[in-house]
Amino acid sequence: MDELKRKPNFFIVGAPKCGTTSLLHYLKQHPDIFMSDYNEPHYFGKDLNKLNDVHITEKNKYLNLFSKVNDEVIIGEKSPYYLYSSLAPIEINKFNPNAKIVIMLRQPTAMIHSMHSQYYYSGNENEGNFSRALTLEVNRKKGEYIPNNIDLIEKLFYKTYVYKLPTQIKAYLEIFNKGNVEFILLEELKNATDETYKKILRFLGVNSSFIPEFNIINPHKTYRVKIIRDCIKFYSPILGKMRSKCNINSLGIMKFIERVNTRYIVKSAIETKLKEKLDKEFFPIIKELEKIINRDLSQWYS
């Protein structure tokens, strides 16, 4: 297939746990939009510490994620650490200067608390206590206390992700045409799903009358048996690499085991004192974001 036809022109660049998975699911249903089935390839961002062969690093393999493109107008993917990477916006712009960018945001304390829960479930985090995980961030930047099976080191830098948001968002607005960058708040996607979806479709320039199935994607969950979770985390990249070499399609065995080993729970509330401390710490960041994206974010601190 011609490389130009497979070339992505749309990127959901972050942030994690801000509704990116739900949005991806809604967009994949649209007949004019092709979204990669490969979740979070993180092809761009050479400054990210990618491990375990989970992420795509070769151009041909990356373009092959879009080999089934037919007549779709929008071709895209979702990688929420593009918003963390300093190089990703530069690399994406060089790859496709006309690309459309969606940045999704959420109240910072709630965001990193949810990130921690997700990463503890998936095996990217081995410290189950949120407060202690935050304390470990300094050591982890020195290469200490790193979980054995982590696929992206930056997933452990919770506060740093928040601190970098203003600078990173400015980078996207400076590098890309401002009309090609759209911001979505998690509250908008949850509370005004249909309206927000149509807004994104208009931004992408496709038929905004299409209505997908709106259902909750990526709800809060935890594992049943830790050793099974760890085995899945360790062996999945190995099996994926073997399938790629042998050109064999996935049988979905690991996904099946993962589903069986998953239970859905109500997320535990963050400790009140810790929440107050983090909210106070992140208040200047939120105020800066308000100016950068020209949006009222008072619901995050009032």
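Reader: Let's start with helix H2 (residues 20-28): which of its residues are buried?

Author: This is a predicted model, so keep that in mind as we go. Several elements cover the buried part of H2, including E1, strand E2 (33-35), E3 and E4. Helix H9 (186-191) and helix H10 (193-204) also belong to that cover. The buried residues of H2 are Thr-20, Ser-22, Leu-23, Leu-24, Tyr-26 and Leu-27.

Reader: Okay, zooming out, how many helices and strands does the protein have?

Author: The protein has 302 residues, and 50% of them are buried. As for its secondary structure, the count is 13 helices and seven strands.

Reader: And what share of the contacts join residues at least 24 apart?

Author: Take the contacts in the protein between residues at least 6 apart in sequence. Of those, the share that joins residues at least 24 apart is 75%.

Reader: Now helix H4: which of its residues are buried?

Author: H4 is mostly covered, with six of its eight residues buried. The cover includes strand E1 (10-14), H3, strand E4 (100-105) and H8. The buried ones are Ala-88, Pro-89, Glu-91, Ile-92, Asn-93 and Phe-95.

Reader: You mentioned H8. Are H4 and H8 roughly parallel or roughly antiparallel?

Author: Two packed helices are described by the angle between their axes and the distance between the axes. For helix H4 (residues 88-95) and helix H8 (residues 158-175), the axes come within 9 Å and cross at roughly 20°. Angles under 35 degrees count as roughly parallel. So H4 and H8 are roughly parallel.

Reader: Is the crossing of H4 and H8 left-handed or right-handed, and which residues of H8 does H4 meet?

Author: H4 passes H8 in a right-handed crossing. On the H4 side, the residues in contact are Ala-88, Pro-89, Ile-90, Ile-92 and Asn-93. By class, this contact has seven nonpolar, one polar and no charged residues. The H8 residues that H4 meets are Ala-171, Tyr-172 and Ile-175.

Reader: What about H8 and H13, are they roughly parallel or roughly antiparallel?

Author: The axes of H8 and helix H13 (residues 272-293) come within 10 Å and cross at roughly 5°. With the cut-off for roughly parallel at under 35 degrees, that angle makes H8 and H13 roughly parallel.

Reader: How many charged residues are in the contact of H8 with H13?

Author: H8 brings residues including Lys-159, Val-162, Tyr-163 and Lys-170 to this contact. H13 answers with residues including Lys-277, Glu-281, Phe-282 and Glu-288. By class there are twelve nonpolar residues and no polar ones, and the number of charged residues is five.

Reader: Is Glu-72 buried or exposed?

Author: Glu-72 is found in the loop between helix H3 (59-64) and strand E3 (74-78). Leaving out residues up to four places away in sequence, Glu-72 touches Pro-31, Asp-32, Ile-33 and Phe-34. Buried means under 20% relative accessible area. Glu-72 comes in at 19%, so Glu-72 counts as buried.

Reader: How far apart in space are Glu-72 and Pro-31?

Author: Along the sequence, Glu-72 and Pro-31 are 41 residues apart. In space, C-alpha to C-alpha, the distance is 6.9 Å.

Reader: What separates the C-alpha atoms of Lys-100 and Phe-11?

Author: Lys-100 sits in strand E4. Residues it touches, not counting those up to four places away in sequence, include Phe-11, Asn-180 and Phe-203. Lys-100 and Phe-11 are 89 residues apart along the chain, and their C-alpha atoms are separated by 6.4 Å.

Reader: Which residue does a cis peptide bond join to Gly-14?

Author: The omega angle of this bond is about 0°. Look in the loop between E1 and H2 for the residue in question. The partner of Gly-14 is Ala-15.

Reader: His-42 and Tyr-145 have positive phi values. Is each one buried or exposed?

Author: His-42, in the loop between E2 and H3, has a phi of about 50° although it is not a glycine. Tyr-145, in the loop between helix H7 (137-140) and H8, has a phi near 60°. At 0% relative accessibility, His-42 counts as buried. Tyr-145 has a relative accessible area of 54%, so Tyr-145 is exposed.

Definitions and conventions:
Residues numbered from 1 in each chain as written. Predicted model: local features only at pLDDT ≥ 70, side-chain atom pairs only at ≥ 80, totals over all residues. Heavy atoms only, no water. Helix = DSSP H or I, 4+ residues; strand = E, 2+ residues; numbered from the N terminus. Buried < 20%, exposed > 50% of the residue type's maximum accessible area, 1.4 Å probe, protein only. Contact = heavy atoms within 4.5 Å. Axes fitted to C-alpha atoms, helices over the stretch in contact; angles between N-to-C directions. Parallel < 35°, antiparallel > 145°, perpendicular 65-115°, else oblique. Left-handed = near helix turned anticlockwise from the far one by under 90°. Nonpolar A, V, L, I, M, F, W, Y, C, P; charged D, E, K, R; others polar.
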